[in-house]
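Dear colleague,

I am handing over the structure below, and after it you will find a short account of what was found. Please read the two side by side.

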Amino acid sequence: MYALISMSKSVSGNGCDMESPHSQNSPRRTLSLSKKRRATASCFDPDEISSGFGLSGDHGPKPSEVYGFVGSITTVVATVIFLVWAYVPESWLQSVGISYYPSRYWALAVPTYVMVTIVLMLGFYIGLNFISTPSPASLNTVFDEFSRDPLSLECTLEDEKPIEPISDIGIDRINDIMFKNNAA
């Protein structure tokens, strides 16, 4: 009884008695200390607070974590079932009581079909990119609908030159800049 009274005094006090070595550890004391830490914890990174670790306001796992966990467990279970079905002899499956299962043909056919489909999709994607890309000799690789020719501004004052408007640099000028110094 005395311990319960001293514990309630240390919790209900102004907080000075909570740090004394004679105070009792209780769920109330732990909860009040965690509230104090939460109120004074400003040194944490905001990413840690919003990520669910550290001092988050909401408790429990996030839905994405639950879906990931369930998905990984489902994948492992499905893989084990597939491997048992593909490699365990039929007599063992019959002795366990499993009498209905697909033909063993599908144990090889489905993964083969999936792999061939992936290879054909990659080939189709590469071919589609080749078809949609203009040839190297085409002027579409140099000019497009957003290209601007540089304007020639005649300036009457020799001291002041205006800033040239934004335009594309011609391919002849690029070639002169890049290859003129290398030719010598």
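**What was found**

The chain holds seven helices and zero strands, and from the N terminus on its elements run α-α-α-α-α-α-α. Please keep in mind throughout that this is a predicted model. Of the 184 residues of the chain, 9% count as buried.

As for the aromatic residues, the count of ring pairs comes to two. In one of them, the rings of Tyr 105 and Trp 106 have centres 4.9 Å apart and planes at 75°, and because an angle over 60 degrees counts as edge-to-face, that is how this pair is classed. On the matter of cover, Tyr 105 has a relative accessible area of 46% and is therefore partly exposed, while Trp 106, at 40% relative accessibility, also counts as partly exposed; both assignments rest on the range for partly exposed residues, which lies between the limits of 20% for buried and 50% for exposed.

Turning to charge, a negative surface patch is formed by Asp 144, Glu 145, Asp 149 and Asp 168.

With kind regards

Key
Residues are numbered from 1 along each chain as its sequence is written. This is a predicted model: local features need pLDDT of at least 70, side-chain atom pairs count only at pLDDT 80 or more; totals for chains, interfaces and linings use all residues. Side-chain values use heavy atoms; hydrogens and water are left out. Patches are made of residues with over 30% relative accessible area and no salt bridge: like charges are joined within 9 Å, nonpolar side chains (Val, Leu, Ile, Met, Phe, Trp, Tyr) within 5 Å. Accessible areas come from the Shrake-Rupley method with a 1.4 Å probe; for residues, only the protein chains shown count as cover. A salt bridge is a side-chain nitrogen of Lys or Arg within 4 Å of a carboxyl oxygen of Asp or Glu. Lys and Arg count as positive and Asp and Glu as negative; His and the chain ends are not counted. The place of a charge is taken as NZ of Lys, CZ of Arg, CG of Asp or CD of Glu. Rings of Phe, Tyr and Trp (its six-membered ring) pair if their centres lie within 6.5 Å; planes under 30 degrees apart count as stacked, over 60 as edge-to-face and the rest as tilted. Buried means under 20% relative accessible area, exposed over 50%, partly exposed in between (1.4 Å probe, protein chains only). Helices (H or I, at least four residues) and strands (E, at least two) are DSSP runs, numbered from the N terminus.
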